[in-house]
Amino acid sequence: MKKELVDLKINGRGCELAIEPNALLLDVLRQQLQLTGSKRGCDDSSCGACTVLIDGVAMMSCTLLAASCEGQDITTIEGVTEHGSLAAIQKAYGDWGGAQCGYCTPGFIMTVKSLLAENPDPSEADIRNALSSNLCRCTGYNQMYSAIRAAIQAERQGMATGEK
Amino acid sequence: MSAEFSIIGKPTAMVDAAGKTTGAGKYTDDLSLPGMLVGKILHSPYPHARIVRIDTTRAEQLEGVVAVAIGKDAPKTYGILPVGHDEYPLALDKVRYVGDNVACVVAISESIAEQALELVDVEYEVLPAYFDPEESMKAESDLIHDNKPNNLEKDYHHVFGDPEKGFSEADQIAEARFISNEVTHAAMEPHSTLASFEIDPHTGKPGRLTVWSSTQVPYYLQHKLSLVLELPMQQIRVIKPLVGGGFGGKSEVIPLEIIAAIAARKAKASVKITYTREEVFWAHRGRPRTIIDLKTGVKADGRITAVRARVVQDGGAYCSYGVVTILYSGALLGALYDIPNIQYDGYRVLTNKPACGAMRGHGTVNVRFAFESQLDELAVQLGMDPAEIRRRNLLKPPCITVNGLRVQSYGLSECIEKTVERSGWKQRKGKLPRGRGLGIACSHYVSGAANSIIRSDMPHSTVNIKIDRDGGVVVYTGASEIGQGSDTMTAQIAAETLGCSLSRVRVVAADTDLTPIDIGSYSSRVTFMAGNATLRAAAEVKKLIAAAAAKKMACGPEDLIFNNDLVSKNSRVGTAASGRPAEQGSAASVSGRVEGQILRGSLQQKRKEEGPKDSMTFEEAVVAAIDFHGALTGTGSYAPPPEARGGKHKGAGVGPSPAYSYSAQVAEVSVDEETGEVTVHKVWAAHDCGRALNPVSVEGQVIGSVWMGMGQALTEEMVWKDGMLMNPGLLEYRSPSAVESPEVEPIIVESIDPEGPFGAKECSEGSLAATIPAIANAIYDAVGVRLHESPFTPERVLAALRAKRQAKQLNLTEGVDPTAPRRFREHGGSLCFEGKGPERHALDPSRQAAPSAGGTD
């Protein structure tokens, strides 16, 4: 298939890319841009490991045409770190055991970011509902809840770290 | 948390956490090399067929295709077990399951490779196939492997004690058939391998092979690559990047790992193969469908007199870990409770489905489901609290079980006590509203196998440590971090032993060129074995540092204490102990890493002037040791002690472990009698892990095990139709989502094992097996039906409820368990035997010797 030029805005930076019109956003991120933080865990939007934010909304990049994202703000896990330091949610996931093998973690962090942007004070049920778009095979999710609560607390205190 | 340690026992974030939470950490599929090509595998569409002809011409002619590899490019068999070398990387003459590997196309892009797969012409002669293990065992022709009559991979027949006598002494006997359906690991990271050959400078031909792979066993992979590619092991380097979960699915050599190397050799270029999710399901190696005929006898006081188990495992088309799985199923009947008489007949059967292998709780899970369910039933028959019957059968360690397993540390009693207490068992059991119930079950698991699958005297783990002049500690370990916290455990043990801070320690792991041999991350062996090796390596280096430091401090090395980045004289030896803290502060800042050599030099000068000190910083002590000894390195290794290696009977090699973990769990469930849906509300899980080196990790492993067990109990099942997997995707193979996952309350029990590193044992697998029967027993408590087949789907629950209801309507006792809690016997008077006398009992089939009623469907 003949390639076409598209302008994508990824993590605040514009980039002009030659891609096939049927190229999936996940493949463009991982293979062309080497942004390998977004993972492929399935092929059919069932696991959420590839979750990115499109204009702030959590979307699964494995079933999203890259060309359709022109003109939108794409945020990947690589764009979450703040000023070269861990964002509160990233620190908390590490401290509270929210990540074990870590393969699903970038997807979960994007999902949580989108949740907290929409609802800074989510209930337990809100958190569970939001997380149910992503699969984790290691943690049983329990420690993620502690991590998310710790991150909310840390953000509230205006701190970059979640002290335990 | 323990006050005697500064790092051990403290909640610690994983040392590799930042790489995982930022996405910067690299898994195999994240890697690429210049000029790298993509490999795609052609899989068999038939469950059993002879390959008559393969023609790759059309595929090779497609623009962008570089090579097509087929069976004869590497016609060597391999398998994870020395007795099970029955796989070809690419099929040579026969395919044995839908998904078997036939050819590999190497192309410049994934889409071209996929196109080319359709152009590989394969002519098959379809053979009769076997899907049911009990049918397969009767096969006389068209065997799956010619050297396996009756498609029987292996059978074992063990008798310990005198089971017949045991049953004759029993006051109550229960007997039933249990079935656990097949489940798979479904680790989030699909398997991936990148293989690359270097040109040998001397011969000018392809020489060394480097393989990056998502593996739990880099050393075994190196070994099998060497066999199949006919290259010496030193010509192969296996590197394990981050691994996105294993659970046993990456604990043996998976076809793509060898195929990638064969393809790279043929294409003369670096080749990466990553499975699609569907291919992961075909690669499988999960927990086999298991049919368990179980009979247990107990005395009126609850003591178990005998157990007889006949276990048939549907092993799939290749041996894989099968021989070990079927042995674990029998061996791990022992070591949890004191069972004086055991008879075990195990059959590992071949069928035309993907091979089953090792999965979390290897071999023990399905039999434990059957055993704990039956024990619950017996407790009810005896009118005994199910928690109490378990207490009555505790081992009295240190001891050796009837089947030769050595048990030393044993926290089961405390586990039972704590779960019972925390769950409010005594106050709530039997008193919850209809449809809601509590169930209890126990389990255990090995902390690594005492006998390696490769029989040799080689230590199972070896660790090297190097310390640099600035006090930076590098630990080289072959142990594989797969998300369980292996690297963090290693760093913690090294830091604690050396008395330095965790941030000084860097772990270099699982690279066969750099790290000494470790047989891998499986059977929960890493903490116990690699942990002990780390401890010994660190202790060796510490000796060197202590010798040099003692000289400087004018004392004996045995008088030194290493703690918090300080080496100081034991206070009973030292003189200036009281003034130390302030002094430490200033010393640490003067010799801080930023100031570097010049200041350190002047500090040494200052120290010389001041004479012997009561303490040195860790860095100063290291510098002193390096000045004295030269390079500062140490090695430690671990081999299980001979006493822990088990009995002498055939198959005795599997089951023995230097230590066993113990778990007791209470599950609270509710059952919707209209829909058959089971909801797990909470699980209390007490786990005896010896010592919790890192409570965050231990709790994470326990919760994860319970959660995975719940998946097998309620929703996870591989559904087959004529050898085709009907649900090869994460939407159809249903592991519980966040909404369906209950709160799990982990309760850490520390029995301090005499041989474990700081007393630690395994914590990653043992909890899984108890969850399934705990849920089954809770369902019984909730609605009075015993489920004999997992998973307990709404269909199976409804069928059991319907059987019970119909039996009532028809005034039959069949399908109804007369031992059901009284509240379920209140209606349909004929079912209430109370006061009706023995003539009613005689009519009750479930009171006769036949397998107990109340089956699922």
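# Notes on a predicted two-chain model

1. Let's start with a helix pair: helix 6 of chain B passes helix 7 of chain B in a right-handed crossing. A crossing counts as right-handed if the near helix is turned clockwise from the far one by less than a right angle, and as left-handed if anticlockwise. Helices here are DSSP runs of H or I with at least four residues, strands are runs of E with at least two, and both are numbered from the N terminus.

2. Some ground rules before going on. This is a predicted model, where local features need pLDDT of at least 70, side-chain atom pairs count only at pLDDT 80 or more, and totals for chains, interfaces and linings use all residues. Residues are numbered from 1 along each chain as its sequence is written, while chains are lettered from A and ligands numbered from 1 in the order in which they are written.

3. Back to that pair. The axes of helix 6 (218-229) and helix 7 (255-267) of chain B come within 10 Å and cross at roughly 50 degrees; axes are lines fitted to C-alpha atoms, for helices over the stretch in contact, and angles run from 0 to 180 degrees between N-to-C directions. Helix 6 and helix 7 of chain B are therefore oblique to each other (under 35 degrees would be roughly parallel, over 145 roughly antiparallel, 65 to 115 roughly perpendicular, and the rest is oblique). From helix 6 of chain B, B:Leu221, B:Lys224, B:Leu225, B:Val228 and B:Leu229 meet B:Glu257, B:Ile258 and B:Ala261 of helix 7 of chain B; contact means that the C-beta atoms, placed from the backbone, lie within 7 Å. That contact has six nonpolar, no polar and two charged residues. For the classes, Ala, Val, Leu, Ile, Met, Phe, Trp, Tyr, Cys and Pro are nonpolar, Asp, Glu, Lys and Arg are charged, and the others, Gly among them, are polar.

4. A second pair worth a look is helix 10 (365-382) with helix 20 (768-783), again in chain B: their axes come within 8 Å and cross at roughly 35 degrees. This crossing of helix 10 and helix 20 of chain B is right-handed too. Helix 10 of chain B brings residues including B:Val365, B:Phe369 and B:Asp376, and they face a group from helix 20 of chain B that includes B:Leu768, B:Ile772 and B:Tyr780. Nine nonpolar, two polar and three charged residues make up the contact of helix 10 with helix 20 of chain B.

5. Now the domains of chain B, whose bounds come from an automatic or database assignment: domain 1 (31-127 + 189-244 + 250-283), domain 2 (153-184 + 285-451 + 645-790), domain 3 (458-638) and domain 4 (794-847). Domain 2 of chain B puts 18 residues into its contact with domain 4 of chain B, which puts in 14. On the domain 2 side, the elements giving two or more residues are helix 10 and helix 20 of chain B, and helix 10 of chain B has the largest share, three residues. That side divides into six nonpolar, five polar and seven charged residues.

6. Chain B also has an open sheet of four strands in the order 21-20-19-25, with mixed pairing (strands pair if DSSP finds at least two bridges between them). Its edges are strand 21 (505-509) and strand 25 (632-638) of chain B, each pairing on one side only. Strand 19 (461-467) and strand 20 (473-477) of chain B are antiparallel partners over five bridges, and B:Lys466 has B:Val474 of strand 20 as its bridge partner. Helix 15 (526-553) of chain B packs on the sheet, touching strand 19, strand 20 and strand 25 of chain B.

7. Elsewhere in chain B, strand 9 (192-199) and strand 10 (206-213) run antiparallel, joined by six bridges. B:Phe197 stands opposite B:Leu209 in strand 10 of chain B. The hairpin of strands 9 and 10 of chain B has six residues between the strands, and there B:Gly204 takes a positive phi near 75 degrees. Strand 10 of chain B also runs parallel to strand 11 (236-239) of chain B, with four bridges.

8. Finally, how many residues does each chain give to the contact between chain B and chain A? Chain B gives 46 and chain A gives 41. On the chain B side, helix 19 (695-714) is among the elements that give two or more residues; helix 19 of chain B gives the most, with eight residues.

Methods: Contact = placed C-beta atoms within 7 Å.
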